[in-house]
Amino acid sequence: MPEYKTYEQKMRFYKSSEWKSLRLQALERDNYECQECKRQGEVYTDQHDPDKHKRLDVDHIKEIEDYPDLALELDNLQVLCVWHHNEKHNRFSSKPPKWDDEKW
Ligand SMILES: [Zn+2]
């Protein structure tokens, strides 16, 4: 079972030809549309944009760090625009609001 814990392990994965072809399959399946924008009713598509690969990311719904066996599972992939991709990952790293104990 491969592990994707470190930056190097992840980079090796994202550079693999397996990932590159699977990534294209996910883009095709999702019609080059951000699935999160779609859920919100705004279709974000870069289909006619020559720079599409810079602005659409393929995201692992379950992180490969925690679910390495789902790394190459098409069902675990979704297309997200760069904006929503960043938002998803910031959500996990954002700290809970600081407890303000001065009021007590
Ligand atoms: Zn989006």
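In this predicted model, the largest nonpolar core has 17 residues, and those touching the most other members are Phe13, Leu27, Cys34, Leu56, Val58 and Leu77. Helix 2, strand 1 and strand 2 are the elements that give two or more residues to this core. As a general background, nonpolar side chains in soluble globular proteins tend to be buried together. Apart from neighbours within four places in sequence, Phe13 is in contact with Tyr4, Trp19, His60, Ile64, Ala71 and Leu72.

Some of these names return in the aromatic part of the structure. Tyr4, Phe13, Tyr14 and Trp19 are linked into a cluster by ring pairs, and the count of aromatic pairs comes to four. One of the pairs is formed by Tyr14 and Trp19, whose ring centres are 5.3 Å apart; their planes stand at 80°, over the 60 degrees required, so the pair is edge-to-face. The two partners can also be described by their accessibility. Trp19 has 3% relative accessibility and therefore counts as buried, whereas Tyr14, at 29%, counts as partly exposed.

Tyr14 leads on to a histidine. The side chains of Tyr14 and His60 make a polar contact at 3.5 Å. His60 belongs to strand 1, which covers residues 56-60. Its relative accessibility is 4%, under the 20% limit, so His60 counts as buried. With residues up to four places away in sequence set aside, His60 touches Phe13, Tyr14, Trp19, Leu70, Ala71, Asn76, Leu77 and Lys88. Among these neighbours, Phe13, Tyr14 and Trp19 belong to the aromatic cluster, while Phe13 and Leu77 are also named among the core residues that touch the most other members.

The zinc ion has four protein donors, namely the SG atoms of Cys34, Cys37 and Cys81 together with ND1 of His84, at 1.9 to 2.3 Å from the ion. The angles among these four donor atoms run from 103 to 118°, and the site is tetrahedral. For comparison, the ideal angle for four tetrahedral donors is 109.5 degrees. Along the chain, the donors follow the spacing C-x2-C-x43-C-x2-H. Cys34 sits in the loop between helix 2 (17-29) and helix 3 (35-39), and Cys81 in strand 2 (residues 77-81), so this pair ties together parts that are 47 residues apart in sequence. Both Cys34 and Cys81 are buried.

Terms used
Residues numbered from 1 in each chain as written. Predicted model: local features only at pLDDT ≥ 70, side-chain atom pairs only at ≥ 80, totals over all residues. Heavy atoms only, no water. Donors = N, O, S within 2.8 Å, 3.2 Å for Na, K, Ca; no water. Tetrahedral: all angles 85-135°; square planar, octahedral: opposite > 155°, others 65-115°. Helix = DSSP H or I, 4+ residues; strand = E, 2+ residues; numbered from the N terminus. Buried < 20%, exposed > 50% of the residue type's maximum accessible area, 1.4 Å probe, protein only. Polar contact = N/O pair within 3.5 Å; in protein donor to acceptor, adjacent residues only side chain to side chain. Contact = heavy atoms within 4.5 Å. Core = buried A, V, L, I, M, F, W, Y, C linked by side-chain atoms within 4.5 Å. Phe/Tyr/Trp six-rings, centres within 6.5 Å; stacked < 30°, edge-to-face > 60°.
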